[in-house]
Amino acid sequence: MKPRILAITGSLRSDSSNQKIVKKLEELLHPDFTFSYFNGLTNLPYFIPDQAFENTPEKVRLFREEIQYADIVLICTPEYIFSIPGVLKNALEWFVATDIFNQKPVVLITASASGEKGQKELHLIMKTLGAKFLKNRLF
């Protein structure tokens, strides 16, 4: 069975550079990996700590399941004002009170002219969530 990559793009533009990068990676890796996409960033409610464990919204529970069942999570995002997009940050905040990302292999791509600050922020968030970083190779 091929490893499953769950791709999340931080850009909400329908024809974004981030989406194009992920599609190209899918083309290149298709023989060895299965790709799926999480396109529901705008459908997630704002993070409410009181709902992290009790009364967790259904859309959040389904998103958590997507992450849990992925073998690798690929996040490709733009940098907005030296940071990551708010919808991506909000989505990741729903994992703070969980161990779903603990040792979960992740690949982080910041698709921007510079992107250094956004990449650092995303790296720090994912490190805080316990993710395992894949560098220079997927396995």
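Predicted model: local features only at pLDDT ≥ 70, side-chain atom pairs only at ≥ 80, totals over all residues.
Colleague: Where does Tyr 80 lie, and which residues is Tyr 80 in contact with, leaving aside its neighbours within four places in sequence?
Modeller: Tyr 80 sits in the loop between strand 3 and helix 3. Once neighbours within four places in sequence are set aside, its contacts are Ser 11 and Pro 85.

Colleague: How far apart in space are Tyr 80 and Gly 118, C-alpha to C-alpha?
Modeller: Along the sequence, 38 residues separate Tyr 80 and Gly 118. In space, their C-alpha atoms are apart by 7.4 Å.

Colleague: Let's turn to Glu 79. Which side chain of opposite charge is nearest to Glu 79, and how far away?
Modeller: Glu 79 belongs to the loop between strand 3 (72-77) and helix 3 (86-93). Glu 79 is buried but has no salt bridge; a salt bridge would need a separation within 4 Å. The nearest side chain of opposite charge is that of Lys 117, at 7.7 Å.

Colleague: Which backbone nitrogens does the side chain of Glu 79 reach?
Modeller: Good follow-up! One is the backbone nitrogen of Lys 117, at 3.1 Å. The side chain of Glu 79 also reaches, at 2.6 Å, the backbone nitrogen of Gly 118.

Colleague: And which residues of helix 3 are buried?
Modeller: The cover over them includes strand 1 (4-9), helix 2 (58-69), strand 3 and helix 4 (116-128). The buried residues themselves are Leu 88, Asn 90, Ala 91 and Leu 92.

Notes: Residues numbered from 1 in each chain as written. Heavy atoms only, no water. Helix = DSSP H or I, 4+ residues; strand = E, 2+ residues; numbered from the N terminus. Buried < 20%, exposed > 50% of the residue type's maximum accessible area, 1.4 Å probe, protein only. Lys, Arg positive; Asp, Glu negative; His and termini not counted. Polar contact = N/O pair within 3.5 Å; in protein donor to acceptor, adjacent residues only side chain to side chain. Contact = heavy atoms within 4.5 Å.
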